[in-house]
Amino acid sequence: MDSSTESISRINNACFEAVVVTNTIPQEEKMKHCPKIQVIDISMILAEALRRTHNGESVSYLFSHVPL
């Protein structure tokens, strides 16, 4: 059993409800084997951080004002 398969098995058998990850790395294949994996899309926050950096605006502002 490789470490990825072992990790999926451990998550499936764990007593918590979910593991939340971002979509920075594709998770579709792992999600097929583990219904506890939930993926959130961070494209909007990443785009806003890049825009703010480019325009010399505060990126720390995003910690309290997350764009949806």
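Colleague: Which residue just after α3 takes a positive phi?

Modeller: This is a predicted model, where local features need pLDDT of at least 70, side-chain atom pairs count only at pLDDT 80 or more, and totals for chains, interfaces and linings use all residues. Residues are numbered from 1 along each chain as its sequence is written, and side-chain values use heavy atoms, with hydrogens and water left out. Helices (H or I, at least four residues) and strands (E, at least two) are DSSP runs, numbered from the N terminus. Just after α3, a positive phi of about 70° is taken by G56.

Colleague: What span does α3 reach from its first C-alpha to its last?

Modeller: Helix α3 covers residues 43–54. It has 12 residues. The expected span is 1.5 Å times one less than the number of residues, which gives 16 Å here. The model comes close to that, reaching 16 Å.

Colleague: Which residues of α3 are buried, and within what arc do they fall?

Modeller: Buried means under 20% relative accessible area, exposed over 50%, and partly exposed in between (1.4 Å probe, protein chains only). By that rule E48, A49 and R52 are buried in α3. The arc is that of the directions from the helix axis to the C-beta atoms. Seen down the axis of α3, its buried residues line one face of the helix, because they fall within an arc of 100°.

Colleague: Which residues are exposed on the other side of α3?

Modeller: Take A47 for contrast. A47 is in helix α3 and counts as partly exposed, at 42% relative accessibility. On the other side of α3, the exposed residues are L50, T53 and H54.

Colleague: How many salt bridges does the structure hold?

Modeller: Side chains of opposite charge can pair when their charged atoms come close. The rule for a salt bridge is a side-chain nitrogen of Lys or Arg within 4 Å of a carboxyl oxygen of Asp or Glu. With that rule, the structure holds six.

Colleague: Which residues are linked with R52 in a network of salt bridges?

Modeller: R52 is buried, at 11% relative accessibility. R52 forms a salt bridge with E57, with 3.5 Å between the closest N and O atoms. E57 is partly exposed, with a relative accessible area of 33%. The network links R52 with E48, R51 and E57.

Colleague: What is the N to O distance in the salt bridge of E29 and K32?

Modeller: E29 and K32 are three residues apart in helix α2 (residues 28–33), so about one helical turn lies between them. K32 counts as exposed, at 62% relative accessibility. The side chains meet at an N to O distance of 3.4 Å.

Colleague: Which residue lies over the face of F16?

Modeller: A charge sits over a ring if NZ of Lys or CZ of Arg is within 6 Å of the ring centre and within 35 degrees of the ring normal. In this model the distance from the ring centre of F16 is 5.5 Å. The residue over that face is K36.

Colleague: What separates the C-alpha atoms of D41 and T24 in space?

Modeller: D41 lies in the loop between β2 (37–40) and α3. D41 counts as exposed, at 54% relative accessibility. D41 and T24 are 17 residues apart in sequence. In space, C-alpha to C-alpha, they are separated by 8.2 Å.

Colleague: How far apart in space are P26 and K36?

Modeller: P26 is found in the loop between β1 (19–22) and α2. At 64% relative accessibility, P26 counts as exposed. P26 and K36 are 10 residues apart in sequence. Their C-alpha atoms are apart by 15 Å.

Colleague: What is the radius of gyration of the protein chain?

Modeller: Three helices and two strands make up the secondary structure of the protein chain, in the pattern α-β-α-β-α. The radius is taken over C-alpha atoms, and the globule rule is 2.2 Å times the number of residues to the power 0.38. That rule gives 11 Å for 68 residues, and the chain is well over it, so it is more spread out than a compact globule. Its radius of gyration is 16 Å.
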